[in-house]
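Subject: Structure handover and notes

Hello,

Please find the structure below, followed by notes on what turned up in it.

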Amino acid sequence: MKFSLSWLKQYLDVDVAADEIADALTMAGLEVDSVTDRYAWMDDVLVARILSVSPHPNADRLTVCEVEANGEKRSVVCGAPNVAEGMLVALALPGAVLPDGREFGKTVIRGVESNGMLCSEAELVLGDDADGIIDLTGKAEPGVKLSQALNLSDSTIEIDLTPNRPDCLSLIGIAREVAAAFRNNGAGQVQEPDVEISEPNGEIAASTSVEIADPELCPRYAAMLLRDVTIKPSPWWLQDRLISVGIRPINNIVDVTNFVMMEMGQPLHAFDFDELHENRIVVKRVGSKSKFTTLDEKERELSDEMLMICDGEKGVALAGVMGGMNSEISDKTVNVLLESAYFLPTSIRKTSRSLGLNSDASHRFERGIDPEITVRAMHRAASLMAEVSGATIVNGHIDNNPIKPEKKEVKLTAHNANRLLGTEFSTEEVIGFLDCIGFDITTGNDGVMTVVPPSYRVDVTRPEDLMEEIARISGYNNIPVTFPDIPSNAKSGSVRVDAREKIRDIMAGMGFTEVYTYSFMGKNAPDSFKFSEGDERRKTLGVLNPLTDDLAVLRTSIAPGLMNMLRTNISHNTKNVRAFETGKIFIKTTDREQPIEREFLACVQTGARNDESWHAKDVECDFYDLKGTLEAFLNALGVNDAKFAVLPADDCCFTRPGKSAMVSYAGKEIGIIGEITKNLAKEYDLGQSAFYFELNMDVLLENLPGTITATPIPRFPAIARDATLIIDRAQQANEIIENILSKKEKLVEKAVLFDVYEGKPIKEGKKSVSFRIIYRSWEKTLEDESVNSIHKMLVDDLIKEFKADLPA
């Protein structure tokens with residue numbers, strides 16, 4: 001919101017500098033972005049005297065003027081008809097930048113050097129006279145800055161408003177805030193313009209009508225009619241007000257609608273009445289997809305839910321957003337229908353966002369305007385239009401108001417306000433704070449205040465909102481600073497929170513990058529990822545207003561987000577990706593209950609095993625790279641006995657059968673790991689293998705070991721013995737290792753698989769697996785004979801239990 005100090009003072013008698021107003025507004029929660037002098041650009045415009053005027057040697061309509069300013073003479077080429085010797089004029093020096101953006105330097109015009117420009121009122125934005133240069137004779141002394149000579153000083157303040165303060169999108173709204181801020185410094189009451197309001201209906205009813213077909217989207221629509229309008233440029237005072245806030249003047253009728261919008265915060269629209277078929281207005285949804293050309297001369301495709309202002313046969317405006325070319329005010333306009341309405345904010349926001357069309361009107365409507373100001377603002381505009389165009393206002397007005405706003409009552413006590421704010425205000429002080437910004441307060445015998453916010457404060461609905469107003473008006477800087485009481489026996493942090501941080505540190509330490517993806521996915525994601533019909537991951541919860549179709553439901557798996565991330569990176573030629581994400585998935589229960597939330601850790605790896613380097617070969621990563629990462633991750637958490645089992649083909653949704661495993665710990669399934677299927681990789685345009693694991697953090701964290709037990713460094717050396725067995729191809733090697741450890745042989749420290757082989761001379765359907773068993777005693781150095789006997793016993797048991805053979 002941008003406003004000038006001179007315009008503000010039209011409504012409020014306050015003798016305060018712009019900087020003080022800016023500070024006060026910022027402390028009241030209205031952050032000021034900038035304070036500028038409207039006439040600062042005039043520092044390069046001086047009052048100069050014309051010493052001589054001579055014809056231009058190469059142009060009949062130009063003259064060459066010798067001018068003097070600050071004792072310096074210079075030659076200036078001028079085309080104005082009113083230049084005369086001895087005249088005092090405004091000289092824009094080389095380097096000056098005029099409000100229209102033109103920058104002047106030394107130039108040559110028709111062979112004659114010109115050192116500046118002699119300016120007209122219009123060029124200086126001091127009036128609308130563009131026929132000749134401005135005559136300052138008798139009004140100023142030569143050599144002084146033009147702003148000083150004409151005593152021009154006006155500050156412009158720009159505020160970065162938050163969406164909850166639409167009441168401050170007007171000069172009167174800002175004036176209310178300034179009056180409250182300086183209530184103790186002589187600021188008077190806000191002086192709103194006098195508006196005479198006609199009786200409803202009257203003669204206008206015979207000329208036009210308003211029908212609201214969708215009252216839930218347009219609770220109120222008012223109209224007035226003006227005849228015998230003369231379209232022409234606005235008077236200078238009106239143009240100057242609009243220019244001061246960055247609005248380009250267009251013509252007297254359109255300028256008035258913009259003026260009243262900035263003054264009172266009510267967007268208005270003027271229709272060429274004679275262009276309205278059947279001379280009537282119908283407010284309704286489009287109903288079917290169609291096209292409409294807006295005032296910016298762009299054809300837009302409309303959806304069937306958008307609200308339109310129509311005449312008897314066609315749409316003439318996008319409700320609350322922008323008018324149409326087919327009913328705009330033109331030089332031929334004679335009769336004007338003036339619109340003032342209240343639209344449902346969410347409807348305007350959807351239309352504006354859907355079309356990518358933002359206007360000053362939609363900016364206000366979508367935040368919520370004052371529903372009670374509709375008729376008053378319309379009469380203010382009609383009166384000004386009649387003044388600047390010579391029009392006749394048709395007696396009466398139309399006010400179609402099928403749904404009237406309800407007055408909101410909010411209960412508050414000084415005790416509750418003080419408890420939350422940390423203050424000690426009395427009830428009388430609280431009433432004083434709220435009363436000065438227009439709130440209506442009644443107090444009961446029990447000290448409970450019943451507060452009715454003014455109609456323009458659509459953001460105040462709760463006691464907490466009133467407490468915020470009390471803090472604002474009393475001054476945030478006046479609230480005492482306190483520190484929270486921290487008991488000496490403060491509780492330790494959450495175990496789960498600490499565990500999450502540790503998980504992130506472990507994964508980052510292993511070279512994986514943490515990513516954050518959307519908590520949404522596409523509706524077709526369960527089909528793409530082949531979730532079975534009974535899989536709870538098909539129970540998706542839709543989003544009411546999704547950003548895109550690909551983000552239409554809450555995610556039931558982190559995998560879709562990570563696959564999108566892989567696609568984006570690979571499309572940008574980043575083909576080596578190691579990434580993880582911790583986040584929640586959401587499982588729908590019933591329509592009226594919150595979804596079940598589960599926390600997961602998910603990880604993907606694709607591309608080369610190592611980053612490109614002179615000492616590392618370019619080898620593609622595989623299933624066992626990510627499995628090693630997962631094992632190292634679990635070990636870092638103290639989980640040393642997690643089990644990996646082949647995932648049955650029927651349970652492999654988006655991972656390859658035979659290259660997928662179920663991960664379990666403490667007898668509970670905690671996740672899966674596997675290679676992404678070729679079809680899914682193709683759907684996401686990966687063009688290379690990718691590997692994925694996910695862990696249910698809720699289950700894992702509940703079963704983490706509470707303490708870690710330290711063991712001393714062994715005093716005696718270990719002895720290793722290898723065993724090679726020929727087993728069935730389908731036999732899982734992990735089961736053999738578990739069998740070895742289950743014997744509880746006290747000298748067996750660990751067993752690891754170090755080789756797997758299939759092919760000749762091994763029979764078809766068989767494979768060769770080699771294990772290394774580590775033996776150690778904590779009491780003595782082992783001898784070969786004792787180890788050999790134990791080793792032979794273990795191998796014999798394995799051959800018997802797994803129907804294995806020894807190599808030939």
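Which side chain does the side chain of Asp-311 join in a polar contact of 2.5 Å? The partner is the side chain of Lys-314. A polar contact here is a pair of N or O atoms within 3.5 Å; within protein, one must be able to donate a hydrogen and the other to accept it, and residues adjacent in sequence count only if both atoms are side-chain atoms.

Before the rest, the basis of the notes. This is a predicted model, in which local features need pLDDT of at least 70 and side-chain atom pairs count only at pLDDT 80 or more, while totals for chains, interfaces and linings use all residues. Residues are numbered from 1 along each chain as its sequence is written, and side-chain values use heavy atoms, with hydrogens and water left out.

Asp-311 sits in the loop between β17 (307–310) and β18. Helices (H or I, at least four residues) and strands (E, at least two) are DSSP runs, numbered from the N terminus. With a relative accessible area of 3%, Asp-311 is buried; the classes are buried under 20% relative accessible area, exposed over 50% and partly exposed in between (1.4 Å probe, protein chains only). A polar atom of the Asp-311 side chain also lies 2.9 Å from the backbone nitrogen of His-277. Leaving out residues up to four places away in sequence, Asp-311 touches Glu-275, Leu-276, His-277, Arg-280, Val-282 and Val-316, where contact means heavy atoms within 4.5 Å.

Glu-123 is in the loop between β9 (117–118) and α3 (146–149). Its relative accessibility is 22%, so Glu-123 counts as partly exposed. A polar atom of its side chain is 2.9 Å from the backbone nitrogen of Ser-120. Beyond four places in sequence, Glu-123 touches Leu-98, Pro-99, Arg-102, Met-117 and Leu-118.

Helix α15 (residues 559–571) has 13 residues and should span 18 Å at 1.5 Å a residue, which agrees with the 18 Å between its end C-alpha atoms. The expected span is 1.5 Å times one less than the number of residues. The buried residues of α15 are Ala-559, Pro-560, Gly-561, Leu-562, Met-563, Met-565, Leu-566 and Ile-570. Just after α15, Asn-573 has a positive phi of about 70°. Asn-573 lies in the loop between α15 and β29 (577–587) and, at 61% relative accessibility, counts as exposed.

Asp-228, in the loop between β12 (220–227) and α5 (236–244), also has a positive phi, near 60°. The peptide bond from Lys-760 to Pro-761 is cis, with omega near 5°; Pro-761 is in the loop between β36 and β37 (766–775).

Pockets and cavities

The search ran on a 1 Å grid over the protein atoms alone: a cavity is a set of points where a 1.4 Å probe fits but cannot get out, a pocket is an open set with protein on both sides within 12 Å along at least five of seven lines, and lining residues have an atom within 4 Å of a point. Grid points are joined across faces, edges and corners, and a volume is the space filled by probe spheres set on the points.

The largest pocket holds about 1400 Å³. It is lined by 35 residues, of which Tyr-624, Lys-627, Phe-644, Ala-733 and Asn-734 are the closest to its centre. Helix α16 gives the largest share of that lining, seven residues. By class, the lining has 17 nonpolar, eight polar and 10 charged residues. Ala, Val, Leu, Ile, Met, Phe, Trp, Tyr, Cys and Pro count as nonpolar, Asp, Glu, Lys and Arg as charged, and the others, Gly among them, as polar.

The second largest pocket holds about 840 Å³. Of its 30 lining residues, Val-254, Asn-258, His-269, Leu-295 and Met-322 are the closest to its centre. Helix α6 gives the most to this lining, with four residues.

Two cavities of 30 Å³ or more were found in the whole structure. The largest cavity, at about 150 Å³, has 13 lining residues, with Asp-167, Ser-170, Met-264, Asp-370 and Tyr-456 nearest its centre. The second largest cavity has about 40 Å³, and its lining divides into two nonpolar, one polar and five charged residues. Asp-167 and Tyr-456 are among the residues that line this second cavity.

Regards
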